[in-house]
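Biologist: Could you walk me through reading charged pairs and surface patches in a model like this one? I would like the general idea and then the case at hand.

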Amino acid sequence: MPLAARRQTSLARLLPLLLVAPLFLQSFHYVIDVYPLYLLSKGWPLLTLPLAVLGMVEEPRHRPLLLAVLAYVLLVPPVMTMVHFNQTYLSAATGMVKVLPFTCYFSVLWLLRRLRPTAAELHRCFSWLGAVNLGLLALLWVVMPDSAYKSGAIGEEVSKLFLWDPERGNRVTLPLVFGLIFIFLQARHAMRGGGWWRMVLAGAAVALLVLTYKQRTVIGCIVLLLGWLVMAEARHAQRLVLGYLAGVALAAGLVLVLLNGLPFNADGLGGSLSARERTISLALDFLADNPLRWVFGAGALTRASDITFADYFNHANFYLVDIGWLGIIFEYGVVGAALLLAVYVTALRAAGRTPHAADAPLVPALGDYARFLLLSSPILSVVWAPGEVCSLLAILTYLHHRAPPADAR
């Protein structure tokens with residue numbers, strides 16, 4: 001095939017991926033600032049449900065696990081909500097909306113099989129979307145006036161992007177799934193001979209997050225994973241040098257702590273720590289009242305329910321999403337938590353088993369993002385955006401069985 005024809009074919013595969021990838025990975029799922037995209041994202045799992053059904057029929061890999069998860073999270077929590085919070089079925093069923101993206105595994109895999117992108121094209125897709133993601137973050141930080149930033153309950157109702165609090169000031173909480181994968185791609189590229197400037201680019205992206213995004217859990221996990229990534233990719237002699245430098249940095253940090261006190265304390269965390277402590281206390285007390293709640297969960301109340309958690313517990317900041325795995329156990333029980341954890345572990349294992357060229361960074365970078373999701377899960381809820389891990393698993397499954405590793409660069 002002539003070069004021009006190959007480029008046209010590649011572009012024909014890339015354009016649909018560029019358009020639908022942000023929807024499958026839930027980039028707009030909580031962005032009420034752009035209401036049409038917010039509504040489209042909320043309805044996307046239903047709009048693509050026919051594709052998911054077709055994917056379920058033809059895709060046996062991981063099907064038992066995903067079907068078990070879907071059956072559990074769609075059927076058990078509404079019943080538990082009706083039992084433990086005296087809700088009607090319609091009220092209890094509103095919590096099902098956030099777990100419908102678990103169908104994305106089947107719909108993404110079905111779509112990939114039809115488009116048949118190469119690993120190189122998928123790499124370009126993530127690179128371009130990641131660059132746009134981080135570029136948009138920087139642009140919003142520069143152009144948005146102080147009046148755009150909201151705090152407290154007002155921020156919840158008016159903006160999910162532009163928030164303000166006394167401890168961190170203004171921050172842009174743009175969804176960054178593609179931006180974070182871009183950071184891992186650049187770091188993996190740099191360690192595999194792609195140029196030192198790529199590591200500088202990854203470091204600059206992290207600095208941008210510190211300046212604008214200011215989410216401590218996210219930034220801390222990214223820094224830890226980048227350190228692990230560098231050590232894992234380095235040759236033996238390099239590891240010795242890197243280990244020595246890491247030891248020096250750790251020692252310097254300990255000296256600073258001893259001389260100046262802890263740089264981060266409970267007061268520095270502001271109201272977020274006290275709100276989480278109160279939520280954890282209320283959740284544990286509620287679960288302790290009935291042992292079956294630990295096993296199958298107690299369900300959940302949403303804004304569309306007859307009452308909210310804030311009303312029920314008389315605590316304005318009771319959010320299950322803020323307490324990680326305890327929030328998952330509260331809503332889905334230990335049984336549901338085990339099923340959800342299995343999906344994330346399966347995605348991580350799929351990254352380790354997917355063949356790729358020795359110098360190709362895509363598969364390892366997707367594995368890094370799976371590690372990030374697991375590492376941050378004690379704080380960040382695994383059902384906040386399940387479309388991420390399901391799409392990730394679908395891409396890795398496709399690459400394992402469909403795309404030849406030779407084209408992975």
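Modeller: Happy to! Keep in mind that this is a predicted model. Start with Arg 171 and Asp 165: they form a salt bridge, with 3.1 Å between the closest N and O atoms. The pair qualifies because a salt bridge needs a Lys or Arg side-chain nitrogen within 4 Å of an Asp or Glu carboxyl oxygen.

Biologist: Are Arg 171 and Asp 165 buried or exposed?

Modeller: The general idea is to look at relative accessible area, where buried means under 20%. Arg 171 has 9%, so this residue counts as buried. Asp 165 is buried as well, at 11%.

Biologist: How many salt bridges does that rule give?

Modeller: The count comes to 13. Have a look at Arg 188, whose side chain meets that of Glu 233 in a salt bridge at 2.5 Å, N to O. Arg 188 sits in helix H9 (residues 177-194) and Glu 233 in helix H11 (residues 216-233), so this contact ties together parts 45 residues apart in sequence.

Biologist: What are the relative accessible areas of Arg 188 and Glu 233?

Modeller: Arg 188 is at 5%, which is buried. Glu 233, with 17%, counts as buried too.

Biologist: Which salt bridge links Arg 188 with Asp 368 to other parts of the sequence, and what is its N to O distance?

Modeller: The side chains of Asp 368 and Arg 188 meet at 2.8 Å, N to O. Asp 368 belongs to helix H17 (residues 362-376) and Arg 188 to helix H9, so the pair joins parts 180 residues apart in sequence. Asp 368 has a relative accessibility of 1% and counts as buried.

Biologist: Now the surface, please. Which residues form the nonpolar patch?

Modeller: The patch consists of Ile 280, Leu 284, Leu 292, Trp 294, Val 295, Phe 296, Val 334 and Val 335, and together they have about 610 Å² of accessible area. Helices H13 (271-288), H14 (291-296) and H16 (324-353) each give two or more residues to the patch.

Biologist: Which helix gives the largest share?

Modeller: That is H14, with four residues. Phe 296 lies in this helix. A patch residue needs over 30% relative accessible area, and Phe 296 has 36%, counting as partly exposed.

Notes:
Residues numbered from 1 in each chain as written. Predicted model: local features only at pLDDT ≥ 70, side-chain atom pairs only at ≥ 80, totals over all residues. Heavy atoms only, no water. Buried < 20%, exposed > 50% of the residue type's maximum accessible area, 1.4 Å probe, protein only. Patch = residues over 30% accessible without salt bridge, like charges linked within 9 Å, V, L, I, M, F, W, Y side chains within 5 Å. Areas by Shrake-Rupley, 256 points an atom, 1.4 Å probe, with all protein chains shown as cover.
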